[in-house]
Amino acid sequence: MQIIMNDEAFLKKGFKISTDQDLLNFELIYQYLNQESYWAQGIPPETLRNAIKNSLCFGVYHHQNQIGLARVITDKATFAYLCDVFIVAEFRRLGLSKWLIQTIVNHPELQGLRRWSLATADAHGLYSQFGFTQITRADRWMEIFNPYQSVKKEIEQP
């Protein structure tokens, strides 16, 4: 079941979502991912720059200031991996993450994909509203995982 968020209601309050990479605030994105996220602490800045450059990025803005992000790594034909999704703390609980995911799954360049994928430790409830489920036939999936080396104490993932 897909939640329908009212685009106009957010727009009237000064919010917008854009895929224009020229609008992205790299310092905000880097600070959040490197300092606050549980999944990307220790990411080298140049790695993040390359990741952003080679992804379809959805910036969330309030009165021209970036307050959130999601990256989609995709071939725009068969597969998309959704990652680095965040809304800064002071703008949470307003429905922005739902609006962001709705905008992404409805984006014209991402229609007809055979498979979407994502990894989350704590947002299953959000993504399940948009049709994401636990991986079926997990025995067919494999990975190589090379975590970033962080000088900070590793945060234990739930």
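Predicted model: local features only at pLDDT ≥ 70, side-chain atom pairs only at ≥ 80, totals over all residues.
Leaving aside its neighbours within four places in sequence, D84 is in contact with L33, W39, L69, A70 and R71.

D84 belongs to strand β4, which spans residues 79-87. Its relative accessible area is 9%; because buried residues are those under 20%, D84 counts as buried. Two of the contacting residues also meet D84 through polar contacts between side chains. The side chain of W39 forms one with the side chain of D84, at 2.7 Å. The side chain of R71 forms another with that of D84, at 2.8 Å.

R71 lies in β3, where it is the bridge partner of C57. Strand β3 covers residues 65-74 and runs antiparallel to β2, with 7 bridges joining the two. In the hairpin that β2 and β3 form, 2 residues stand between the strands, and H63 adopts a positive phi near 45 degrees.

Strand β2 also pairs with β1, which comprises residues 15-18; these strands are antiparallel and are joined by 4 bridges. Within this pairing, S18 has G59 of β2 as its bridge partner.

How many of the residues of β2 (residues 56-62) are buried? The count is 7 of its 7 residues, and the strand is mostly covered. This cover extends to both faces: L56, F58, V60 and H62 are buried on one side, and C57, G59 and Y61 are buried on the other.

Notes:
Residues numbered from 1 in each chain as written. Heavy atoms only, no water. Buried < 20%, exposed > 50% of the residue type's maximum accessible area, 1.4 Å probe, protein only. Polar contact = N/O pair within 3.5 Å; in protein donor to acceptor, adjacent residues only side chain to side chain. Contact = heavy atoms within 4.5 Å. Pairing = 2+ DSSP bridges.
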